[in-house]
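Hi there,

Here is the structure I promised to pass on to you. Have a look at it first, and then read my notes below with the model open beside you.

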Amino acid sequence: MSELKVRGGARALAGEVTLPGDKSIGHRALLFAALCAPGREIPIFGLSAGEDNLRTRQALSQLGVTFRASADALHVRGVGLSGLRESAAPLDCGNSGTSIRLLSGLLAGRPIRSRLTGDEYLRARPMMRIAEPLRKMGARVEGADGKKEHEIYPPLEIGPATRPLVGIEYRSKVASAQVKSAVLLAALQADGPTTFFEPELSRDHTERMLSAMGVDLERLSLDPSGQVGVRIDPANFSGALDATELRVPGDLSSAAFVLAAGAMIPESAITVRGVGLNPTRTGVLDILRAMGGDLVVAGQRDQSGEPVGDLIARASRLRGTTIFGALTIRAIDELPLLAAVAAVAQGTTEIRDAAELRVKESDRISSTASFLRAFGVSVEERPDGLLIEGGGLLHAGVVESHGDHRIAMAGTILALAAPGESLIRDTDNIATSFPEFAKTLRALGATIA
Ligand code: S3P
């Protein structure tokens, strides 16, 4: 198991970097390119080499999809919905929640039997949230029992579907793009329209991409219960999506680590080029600004239906803030990092409405509280969030990642701000989303061994 030794203290970080492609968009680009017309080759530009995206690619290749790499793109040969073939071996989704949940939705309506599994962390993550709507649509979804009653866990058994799925109206208790995307992918295979509501708008890459690729999809503004929805009508769907190429912007969730380091470490100035700026993902930027962060967006442009821009972060004095409601959803993957920023900000930071953090790659409320305490930060753990006392003296710490890439990276960023040498343990998982993490920070001047 590898570890990182991080030298903290006042050394400024400076420079310009370009980061690998957005993980969420990468999964969707692979899946949706595979659903293009049989024989058609779709180049995907900017796909990350992170392990999570590779898991989706590997699963698709077990389902009969072929790939060809060129110098600047991965070319996916479409098979269309009906071209997916049964895999004799289970589809191993590794650590990737997005792979298992999106593939489940896709496979739910196919006349083939699928078995989907993952590593020990993924096998501890709840799957009833997708099983319930998919079963309502008539799909067969079975899972393993686990630590909670009425919950199921991977390995999952999906299908074979013996007749078309039925369109449903579904209200999800959680704002989750993985659940929404699973339902929308199943909805493409249904005999009528499907409507999906969620309590806040989760990331909407699936809606943007499916709509750009020819699917009849309508966004519904707030319904009387205060939920946001999307309606998909498969009547005109031929069984194949339509695209000539797909472009994946730089991953804001990876850029956030680098930008936060720039904001926290005195005299730093960092530019990250070509980052995705989808408004359902930019909560981290709004929160850093509310904390007094000096962030500039330049060269904003559109790329394959997603806003993209360059981001410049400079060090500034930071203060505590409150994160709740829609902002929590828009920054869901960045909350461990924002907790690290809160540790150096003056005053208290409160994170609320974030109970979903308990079922991510680790229990991120508890694993974030532990890494903060390792540096001497005073923090209170709550059922749905954290209360962090910022601005106290930090000391070097030993961080356990709990198998979670974002905890390992957030711990590394706080270690850069804490005097002395810190140790981040169990860091192999960083490769699931951002294999170039340590190299990127070193290029900006950080001392990480
Ligand atoms: C993702 C959705 C979010 C996010 C995850 C990626 C996606 O999860 O936390 O890292 O690509 O759809 P939920 O759908 O569970 O909120």
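Proline 155 has its place in strand β9, which covers residues 153-158. Please keep in mind while you look around that this is a predicted model. The bond to look at here is the one that joins proline 154 and proline 155: this peptide bond is cis, with omega about 0°. Proline 160 itself is in the loop between β9 and β10 (169-171).

Why point these out? Most peptide bonds are trans, and most residues other than glycine have a negative phi. That brings me to aspartate 353, a residue other than glycine whose phi is positive, near 60°. You will find aspartate 353 in the loop between β19 (347-351) and α11 (364-374).

Where does the ligand sit? You can find it in the largest cavity. Two elements give two or more residues each to the shell around the ligand, namely α1 (23-34) and α5 (177-187).

The residues surrounding the ligand are Ser24, Arg28, Thr98, Ala175, Ser176, Ala177, Gln178, Arg203, Ile332, Asp333 and Lys360. By type, this shell divides into three nonpolar, four polar and four charged residues.

Why does the ligand lie between two domains? Domain 1 (3-21 + 249-448) and domain 2 (23-232) both contribute residues to the shell, so the ligand lies between them.

- Serine 24: an N or O atom of its side chain is 2.7 Å from an oxygen atom of the ligand.
- Threonine 98: here the distance from a side-chain N or O atom to a ligand oxygen is 3.4 Å.
- Alanine 177: a polar backbone atom is 3.0 Å from an oxygen atom of the ligand.

As for cover, the ligand on its own has 390 Å² of accessible area, and the protein covers 95% of that.

Enjoy exploring, and write back with any questions!

Best wishes

How values were computed:
Residues numbered from 1 in each chain as written. Predicted model: local features only at pLDDT ≥ 70, side-chain atom pairs only at ≥ 80, totals over all residues. Heavy atoms only, no water. Near = heavy atom within 4 Å. Polar contact = N/O pair within 3.5 Å; in protein donor to acceptor, adjacent residues only side chain to side chain. Areas by Shrake-Rupley, 256 points an atom, 1.4 Å probe, with all protein chains shown as cover. 1 Å grid on protein atoms, 1.4 Å probe; cavity = no way out; pocket = protein on both sides within 12 Å on 5 of 7 lines; lining within 4 Å. Sits in = over half its atoms within 2 Å of the grid points. Helix = DSSP H or I, 4+ residues; strand = E, 2+ residues; numbered from the N terminus. Nonpolar A, V, L, I, M, F, W, Y, C, P; charged D, E, K, R; others polar. Domains from an automatic or database assignment.
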